[in-house]
Amino acid sequence: MNKKTVRDLRDEEVRGKRALVRCDFNVPLEGARITDDSRIKASLPTIEHLAGRGARVVLLSHLGRPKGKPDAKYSLQPVGIRLEELRGKPVQFVESTDTDEAIKATHSLKDGEVLLLENTRFLGGEEENDPRLSRALAELGDFYVNDAFGAAHRAHSSTAGVAEYLKPAVAGLLLEKELEYLGKALADPKRPFVAILGGAKISGKIDVIEQLLPKVDALLIGGAMACTFFRAMGLETGKSLVEEDRVDMAKDILDRAGTTLILPHDAIVAPAIDRPESAHAVTRAAIPPGEGMFDIGPKTAESYSRAVATAKTVIWNGPMGVSETPAFAGGTQAIARAMAAATDKGAITIVGGGDSAAAVAEAGLSERMSHVSTGGGASLEFLEGKVLPGVAALEDRAE
Ligand code: ADP
Ligand code: MG
């Protein structure tokens, strides 16, 4: 990674200084209850690194989509409470973001103290990357740290614009870790390098397929996107989710991919997603016209697992089936188990994508992956080879 990180800052740049840290605290909520706090946990290393070096830590984040004005149901207050529990140390909270009150609170902090400000998306201008807001946010710190990998694909005031007005502007430890895992896998993977792509739509992942095809030793396809390829091959797809307008593109990819692109040999089919009790396995050539494919079949799960077992680098994005439903979760679970076993044998295993990460967590296997990305959209854009604005805004490291 060629960007400066918090570890590159000298002690005199940190101690007694206000560190304005953009985190990704965009956690799922039920009312005021946080149903998954993994993003808060993932931000702890950077917060404690800075607090431990005597910085006065000021935290920013967005939460949900409150459309540029305050909306109590997206307050970060519950995040502050949870963060305090996780740290076992106080976290102050101010109910505004770029106000005089907030600026005053940043100046009242003592070395090592932590303050959380209110949701950046309560502010008009945040999502427009308005320079006026970026300049106002810059008043909240003496240097800037971006640790919000999950928001790094957005050019917003708090993720990108502010870095123009507040220097040093460096990466946090989570952002660094995400870029190291994903970046190393793409630039210099240990081989064999196997990628597994699934999920609902081929349309959202075309660019990822194009990026990965020339780099990987095998690209294993699952999820509904397999059905669009089946249609391109002239197979019956019944009631499966097929993107008709992408069939030609799928044909073109098949023509070019050779033996690198691997499709399922069998499928779990049922008359409908809500008829899991009728689920059964068929070969891919025998999908009944009245049924749809909702998971890869057991033979495919086995052969994909074998491919994962021999790999030295594995990247996985997108479930192999409708993994929210147990009858269609077998393929996804098999991949998760195979990756966990591969990690044990020394492979680098990386999971990107919100639903894939949720499936791995559900299987209790998150800790057994080398890296589970905290950013679904951001990891996808990174794998597409795009520059992430939140990363581009940071200072380069002098070689
Ligand atoms: P991620 O969040 O990991 O990137 P996606 O959002 O691309 O994954 O895809 C996840 C969704 O794809 C899930 O809601 C899952 O139900 C759906 N899905 C996977 N396979 C199928 C299929 N065969 N038919 C219909 N939906 C599918
Ligand atoms: Mg998703």
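This is a predicted model: local features need pLDDT of at least 70, side-chain atom pairs count only at pLDDT 80 or more; totals for chains, interfaces and linings use all residues.

## Arginine 18

Arginine 18 lies in strand 1, which spans residues 18-22. Its relative accessibility is 7%, so arginine 18 counts as buried, the cut-off for that class being under 20%.

The side chain of arginine 18 makes a polar contact of 2.9 Å with the side chain of threonine 106. Beyond its neighbours within four places in sequence, arginine 18 is in contact with Arg56, Thr106, His107, Glu139, Leu140, Gly141, Asp142 and Phe143.

## Largest pocket

The volume of the largest pocket is about 740 Å³. It is lined by 26 residues, and Ser38, Arg39, Val372, Ser373 and Thr374 are the closest to its centre. By class, the lining comprises 12 polar, nine nonpolar and five charged residues.

At least two lining residues come from each of helix 2 (38-52), helix 6 (173-187), helix 12 (354-362), strand 17 (371-372) and helix 13 (376-383). Domain 1 (6-174) and domain 2 (189-383) each contribute at least three residues to the lining of the largest pocket.

## Second largest pocket

The second largest pocket has a volume of about 480 Å³. Among its 28 lining residues, those closest to the centre are Gly199, Ala200, Lys201, Pro319 and Gly321. The lining of this pocket has 11 nonpolar, 12 polar and five charged residues.

Strand 14 (292-296), helix 12 and helix 13 each supply at least two residues of this lining. Strand 14 gives the most, with four residues.

Methods:
Residues are numbered from 1 along each chain as its sequence is written. Chains are lettered from A and ligands numbered from 1 in the order in which they are written. Side-chain values use heavy atoms; hydrogens and water are left out. Buried means under 20% relative accessible area, exposed over 50%, partly exposed in between (1.4 Å probe, protein chains only). A polar contact is a pair of N or O atoms within 3.5 Å; within protein, one must be able to donate a hydrogen and the other to accept it, and residues adjacent in sequence count only if both atoms are side-chain atoms. Contact means heavy atoms within 4.5 Å. On a 1 Å grid over the protein atoms alone, a cavity is a set of points where a 1.4 Å probe fits but cannot get out, and a pocket is an open set with protein on both sides within 12 Å along at least five of seven lines; lining residues have an atom within 4 Å of a point. Grid points are joined across faces, edges and corners, and a volume is the space filled by probe spheres set on the points. Ala, Val, Leu, Ile, Met, Phe, Trp, Tyr, Cys and Pro count as nonpolar, Asp, Glu, Lys and Arg as charged, and the others, Gly among them, as polar. Domain bounds come from an automatic or database domain assignment.
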